[in-house]
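Subject: A structure for you to look at

Hi there,

Here is the structure I promised to send you. Please open it beside this message and follow along as you read.

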Amino acid sequence: MIILGIILLVVGFLLKIQILWVIGIVVLIIGLVLLLLGSMGRAVGGRRHYF
């Protein structure tokens, strides 16, 4: 999710498409939250780690 968020941010910035920029930020934040929860040892959605 983190990589997808970064890709959407870059594409949205280069093509000047605002909705891709916003979706990229949201996906990036969700990916970072899942990474943080997984690294703390808390199982999220039945998985202990998110990569």
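H1 crosses H2 in a left-handed way, meaning that the near helix is turned anticlockwise from the far one by less than a right angle, whereas clockwise would be right-handed. Helices here are DSSP runs of H or I with at least four residues, strands are runs of E with at least two, and both are numbered from the N terminus. This is a predicted model, in which local features need pLDDT of at least 70, side-chain atom pairs count only at pLDDT 80 or more, and totals for chains, interfaces and linings use all residues. Residues are numbered from 1 along each chain as its sequence is written, and side-chain values use heavy atoms, with hydrogens and water left out.

How do the two helices pack? Helix H1 covers residues 2-15, and its axis lies 7 Å from that of H2, at an angle of about 160°. The axes are lines fitted to C-alpha atoms, for helices over the stretch in contact, and the angles run from 0 to 180 degrees between N-to-C directions. H1 is therefore roughly antiparallel to H2; that label is for angles over 145 degrees, while under 35 is roughly parallel, 65 to 115 roughly perpendicular and the rest oblique.

Which residues make this contact? From H1 they include Leu4, Gly5, Leu8, Leu9 and Phe13, and from H2 they include Leu20, Trp21, Gly24, Val27 and Leu28. Contact means heavy atoms within 4.5 Å. Sorted by class, the contact of H1 with H2 has 15 nonpolar, four polar and no charged residues. In this sorting Ala, Val, Leu, Ile, Met, Phe, Trp, Tyr, Cys and Pro are nonpolar, Asp, Glu, Lys and Arg are charged, and the others, Gly among them, are polar.

Now zoom in on Gly24, which sits in helix H2 (residues 18-39). Is Gly24 buried or exposed? Gly24 counts as buried because its relative accessibility is 0%; buried means under 20% relative accessible area, exposed over 50% and partly exposed in between, using a 1.4 Å probe and protein chains only. Leaving out residues up to four places away in sequence, Gly24 touches Gly5, Leu8 and Leu9. The C-alpha atoms of Gly24 and Leu4 are 7.3 Å apart in space, although these residues are 20 apart in sequence.

Across from there, look at Leu8 in helix H1. Leu8 is buried too, with a relative accessible area of 17%. Besides Gly24, Leu8 touches Leu20, Trp21 and Ile23, again without residues up to four places away in sequence.

Next, a pair of rings. How many aromatic pairs does a search of the whole structure find? The search finds one, and its members are Phe13 and Trp21, which are tilted at 45° between the planes and 6.2 Å centre to centre. Rings of Phe, Tyr and Trp (its six-membered ring) pair if their centres lie within 6.5 Å; planes under 30 degrees apart count as stacked, over 60 as edge-to-face and the rest as tilted. Phe13 counts as exposed at 53% relative accessibility, and Trp21 is partly exposed at 33%.

Then find Lys16, in the loop between H1 and H2. Lys16 has a phi near 55°, which is a positive value in a residue other than glycine. Most residues other than glycine have a negative phi. Lys16 is also exposed, with a relative accessible area of 68%.

Met1 is partly exposed, at 48% relative accessible area. Its contacts, apart from neighbours within four places in sequence, are Val27, Ile30, Gly31 and Leu34. Met1 and Leu34 are 33 residues apart along the chain, and their C-alpha atoms are separated by 9.1 Å. Ile30 belongs to helix H2 and is partly exposed, with a relative accessible area of 39%.

Finally, the overall view. The protein has two helices and zero strands, and 22% of its 51 residues count as buried.

Enjoy exploring!
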